[in-house]
Protein chains: 4
Amino acid sequence: MKTAARANHREDIVGRANVEDTPELLAYYDELDKHHTAALWTVANKIEPWQPQSSSVPVVWRYKDLREHVLRSADLVSPEKAGRRVVYLSNPGRQDVAAAVGWLYSGLQTMRPGELATSHKHSASALRFIMEGSGAFTIVDGHKMTLGANDFVITPNGTWHEHGVSEDGTQCIWQDGLDIPLMNALEANFFTVHPELQQAVTYPVEDSTAAWAAGTGLVPANDTWSHGYSPLFKYEWAPTYEALARYAKVTDGSPFDGVMMNYINPKTGGPVMQTMGASMQLLRPGEHTKAHRHTGSVLYQVAKGKGYSIINGQRFDWEEHDIFCVPTWMFHEHVNANPSEDACLFSFNDMPVMNSLGIYREEALKENGGHQKIQTP
Amino acid sequence: MKTAARANHREDIVGRANVEDTPELLAYYDELDKHHTAALWTVANKIEPWQPQSSSVPVVWRYKDLREHVLRSADLVSPEKAGRRVVYLSNPGRQDVAAAVGWLYSGLQTMRPGELATSHKHSASALRFIMEGSGAFTIVDGHKMTLGANDFVITPNGTWHEHGVSEDGTQCIWQDGLDIPLMNALEANFFTVHPELQQAVTYPVEDSTAAWAAGTGLVPANDTWSHGYSPLFKYEWAPTYEALARYAKVTDGSPFDGVMMNYINPKTGGPVMQTMGASMQLLRPGEHTKAHRHTGSVLYQVAKGKGYSIINGQRFDWEEHDIFCVPTWMFHEHVNANPSEDACLFSFNDMPVMNSLGIYREEALKENGGHQKIQTP
Amino acid sequence: MKTAARANHREDIVGRANVEDTPELLAYYDELDKHHTAALWTVANKIEPWQPQSSSVPVVWRYKDLREHVLRSADLVSPEKAGRRVVYLSNPGRQDVAAAVGWLYSGLQTMRPGELATSHKHSASALRFIMEGSGAFTIVDGHKMTLGANDFVITPNGTWHEHGVSEDGTQCIWQDGLDIPLMNALEANFFTVHPELQQAVTYPVEDSTAAWAAGTGLVPANDTWSHGYSPLFKYEWAPTYEALARYAKVTDGSPFDGVMMNYINPKTGGPVMQTMGASMQLLRPGEHTKAHRHTGSVLYQVAKGKGYSIINGQRFDWEEHDIFCVPTWMFHEHVNANPSEDACLFSFNDMPVMNSLGIYREEALKENGGHQKIQTP
Amino acid sequence: MKTAARANHREDIVGRANVEDTPELLAYYDELDKHHTAALWTVANKIEPWQPQSSSVPVVWRYKDLREHVLRSADLVSPEKAGRRVVYLSNPGRQDVAAAVGWLYSGLQTMRPGELATSHKHSASALRFIMEGSGAFTIVDGHKMTLGANDFVITPNGTWHEHGVSEDGTQCIWQDGLDIPLMNALEANFFTVHPELQQAVTYPVEDSTAAWAAGTGLVPANDTWSHGYSPLFKYEWAPTYEALARYAKVTDGSPFDGVMMNYINPKTGGPVMQTMGASMQLLRPGEHTKAHRHTGSVLYQVAKGKGYSIINGQRFDWEEHDIFCVPTWMFHEHVNANPSEDACLFSFNDMPVMNSLGIYREEALKENGGHQKIQTP
Ligand SMILES: [Fe+2]
Ligand SMILES: [Fe+2]
Ligand SMILES: [Fe+2]
Ligand SMILES: [Fe+2]
Ligand SMILES: [Fe+2]
Ligand SMILES: [Fe+2]
Ligand SMILES: [Fe+2]
Ligand SMILES: [Fe+2]
């Protein structure tokens, strides 16, 4: 009999549901079922938790473990058949939605010299962070950009885009980041293959960077950009690192994040896309930040250096190119283990979603001087 | 062996993944598993669909079916034990998240004269649409409002709120609408019971309406409201219907929605809350709108009249107080079946989410004069 | 010799210019003249005053004095020759720019039944406040509105507009308010006569009010308004007074302004036009507000009741239809002299300019319990 | 008799005032005078011109003429007595308001090594463009910046600020630009001397530039800036010129302005201050732009190269450090006279005022291939 299997999420607290199952109620529940309805008090405590319990788990993906598998995918499948040769990060708690953390997808993609993917567009927004290789390029709505290690590039929702590696390049690997799981969850994902399979490059190469990444607070006059995302598509590593180093000289930084800067849309001063933000932060030699937690999911890639992060009481060691995630509302703190060199963490997140919907919340750890106790498993 | 069970979402279209399982690949996939990774091409076509396929199904909940069950809940459980006596709408495709459609929760709540719920607050935003009974009231952050049939009231995210029915009232029923499923999905839901279980009424009764629902484009001067939601909490039925009737005289209306108005935040001209919008539309006698579809989910309640809607080729008849949903990207058109009286549909939706994230998309039906063919089951 | 006549604005205060004229300097000044230059220190204290000294003076224009002159203008000049028969308010300190106060123009216009002005448009923004007569109407970009006493109507910058009185009306008088002096000062005033001298009424009469002045926080859905001014052109007196009366019941009001509401653009919640705002305030029976001062100029018309205002220490008595001005940075307080009836003041101002340019500043009078001492002349 | 002297601005055009003086009318006008009123039709055509006629005239101020006078001011007056030693640009049409053009003030200021001005603040916004000398610095609200040739620095409204030249520097000259005339016209100008005459430097030197002038679309995370002006105070010449040169490679530029970039507020992507914008434009070797005109006043300084501009049909030759103005609504086109070197024009303007108030208007010259005919005097 069906009623035997009902879950009951009772809590003995004033203001919370606490209804005992009785034969009469179980029969009532069955009746409600017939009308596509149910009794709120049977699930109220479950769907109104005291605070978020992320279904994601903290994970570190070590590049030394993944790299050979990524490279090998190029032997195993052709770009024509695979579309893209990507080993994606599958959070043990989020396998059903193919997410690395929360609603964020991420994967490591590889392409060989002379390869060029099919042009397409989708409602999902995407970003790339280059890990190794030379000759990579991306085309976004007719704007072509060449890419080197630690460059960050966006291919926003609705833009025609494709990636390739030039003939004289080397096999490349980069990290993809997309909001595919969120777009699917919101049932708003559309996908279109370019009618001619490749788009034309209709602007001078690197024009987006030349126009919008000006060094000193300058933007093109007479501009008519009206999209919700940044007209600057590529953010290069060298000036990014230089900016952080320069900023580090004049700031105390954040107690939780060290010296941190956000990649921005120069048209608005806001995040690069409407669903995903990205940042680069520098941890000074030996720096150990304090713990805080917040809504929103974050996926980090180590751009430089080595160290560890403590997430939800667990220690995760990392070095260059390692990727790790911090799920929603889990305390986290970062440590640069090198006493003489700085470390840099690239990260992307869904903070624009939290902010647009008015649900960003943040909290510092009060106990223990702001540091978590590491739990021994 | 695990590999035997793998799904494969191949499509034989250029630009889509089309990789055949081979023993070598299946072994490779097993290897990836060990590192919390997987091959994108095995799921790419699944997670990048050509267009959204909503997991919700169109449903009509008929009030004549539900009413007795809702009333009966007051006999079956006490407000102290149940928290709230609500029969919620459980979409067959969304039972796992307790949603009526998409990420929107809805239920029918009842309270008896003299009852008063515990005050609390949560990250989820809520709205109410009164269906029957007299003496209902809501308190939001110290502002008390009395409520009559077809009144619409909001209790936004983060506000202390509670509902009750005065001693001299009658048993009331109203529809609740919340973004609980979305807040849970975004792992951003917090819940707090008021430390004193009831809040004080610290403003004159009805002050929000008196201040902000002025008839002719007036708002309080010297105002310092800075929240993301409307300072106007209650939108009464009488002036709403009057507004529609007046507007109907000077507009042709929308081909898809008849004469439609949005409830707004008078501080911004935008939606009442950051995650949910609400509207009231009037279908003129005999009006049959054209079909369109769009991203975002909508839940309708019939405020007045009778007729039917065609959703995804299926006809759903409705009359006063019936509730029905239109899932994302399903064609829908509405018919006022009465040739001499107008019909009114109240609705709420997650369009603010679609708009804030840049993913709203709309399409008119081109075929058959803009009307769907009704599918006979 | 020219140098003899030079002004010198010396102040003997550290940080201020204090240079004595010498023959050498006077010769130097003559030399600078030749190159279209001058020495800053000779004018610095003048052009950088410690605080604003308005060139406008407080004035009350009594309707009983002006009415006969306004009516007589209709005998003296034809609408064809005069364009508009307006007696304008000429502040003694602002005669050179034809302003009533600051950069605001205002006048009393009259039209007879059956008269219709030529359609035109200009960069100056305009508003009207109806004082007497029946049958008046205004057409704005194809939208026609009929107007009664104390109705407020806008004809924003760049809109085709014209005024008239219907054949079955009576001779009308209304107050015009425009930013003509500001537009001239900013050298941005353009004027065009309608190519056909009259524009067509292309929308249903009163459609703007029917669509946008809905009583309870509702606006048309599917709207695409993109102008910088309000789509609601007319704000009627009856619902305005009703709104104030209703708001008065739930608010303590402002110490400086009593119960005050702003006319707003329902698309934005902001002022009705980008250069001029407007308000209606209610002074409760016997109310005597406290004094404050602020940047920005205000022109008041008494919509109801009688009393007086103290402006810069001077008392100005007023009754219905009287108009008075408060120049920039002059202390002002208002008194409703009637112990049993409320009084209402309509006002318009250039606060949107102050706010857009970041130069709004306000200060309460601290001395004497917040009340000015009336200076006896 | 007074009436004899009245101006009459009659125009014999339908829709314009065209009333002949009669003895009866002249007596009526005298009567109106007594009540601080006047007849609109006597001034209507004057105050509602068909299009703006700027009271400013085009002027070029040649540095070779001014330099010696500027330097000499340092011999003639002490900083203590003069406040600031500035030779200001006095447009022949705007001497009454001490403006260089429209409502913009500008002057050439000089300071000697070891001098330091008194700290103060005012409602007027200010900017500086360095012309010659070494060791100059500016302090803004505790942020100190050193300044070299062609650097651009802002000291926004309401900020404590002061300028100086270090002991080991050389005598410096820079151009000041302020909206003093506008602030005076708007009667919103306040001035305060710092209570301690000098402010403390409370941030690391150059911190504003280090934090906000990052090279590649990065801004400080965790920032809480909430002012209406840019947190970036200094825009250095080297990266500005580099940015222009880089942008020039990927753009065709504007037909009217060549390769032009705006200095922006990185928090908003908008102008550096709410009342004044600034730009730098590069004219390619031999470039001759087309003529256009617009509302808003512009003051140019030649940062590099030589050439001429045609303003209102008049040719104005210029070379490095020359300053010239373009008054409102006058056609202008620019010519780089050097066939092998680029030329750069720095400019500032009141476009933010035009845009905020909704009165920006622009027009290309249609005749003669878009080029003005030079009028021989
Ligand atoms: Fe893609
Ligand atoms: Fe964090
Ligand atoms: Fe609740
Ligand atoms: Fe729809
Ligand atoms: Fe007009
Ligand atoms: Fe005031
Ligand atoms: Fe200054
Ligand atoms: Fe120009």
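# Iron sites and the interface of chains A and B

B:His332 counts as buried because its relative accessibility is 1%, where buried denotes under 20% relative accessible area, exposed over 50% and partly exposed the range in between (1.4 Å probe, protein chains only). The structure is a predicted model, in which local features need pLDDT of at least 70, side-chain atom pairs count only at pLDDT 80 or more, and totals for chains, interfaces and linings use all residues. Residues are numbered from 1 along each chain as its sequence is written, chains are lettered from A and ligands numbered from 1 in the order in which they are written, and side-chain values use heavy atoms, with hydrogens and water left out.

**Iron ion (ligand 4), chain B**

- The protein donors are B:His292 (NE2), B:His294 (NE2) and B:His332 (NE2), at 2.2 to 2.4 Å from the ion; donors are N, O and S atoms within 2.8 Å of the metal (3.2 Å for Na, K and Ca), and sites may look incomplete because water is not among the atoms.
- Along the chain, these donors are spaced as H-x1-H-x37-H.
- B:His294 belongs to strand E17 (residues 292-294) of chain B and B:His332 to strand E22 (residues 332-336) of chain B, so the pair connects parts 38 residues apart in sequence; strands (E, at least two residues) and helices (H or I, at least four) are DSSP runs numbered from the N terminus.
- B:His294 is buried, its relative accessible area being 7%.

- D:His292 in strand E18 (residues 292-294) of chain D and D:His332 in strand E23 (residues 332-336) of chain D link distant parts of the chain, 40 residues apart.
- D:His292 and D:His332 are both buried.

**Interface of chain B and chain A**

- About 7,700 Å² is buried between chain B and chain A, 63% of it on carbon and sulfur atoms; buried area is the accessible area (1.4 Å probe) that two parts lose on being put together, summed over both.
- Each chain supplies 86 residues to the contact, defined as heavy atoms within 4.5 Å.
- Four salt bridges are counted between the two chains, each a side-chain nitrogen of Lys or Arg within 4 Å of a carboxyl oxygen of Asp or Glu.
- A:Arg72 and B:Glu24 form a salt bridge, with their closest N and O atoms 3.8 Å apart.
- On the side of chain B that touches chain A, helix H3 (residues 63-76) of chain B gives the most, with seven residues.
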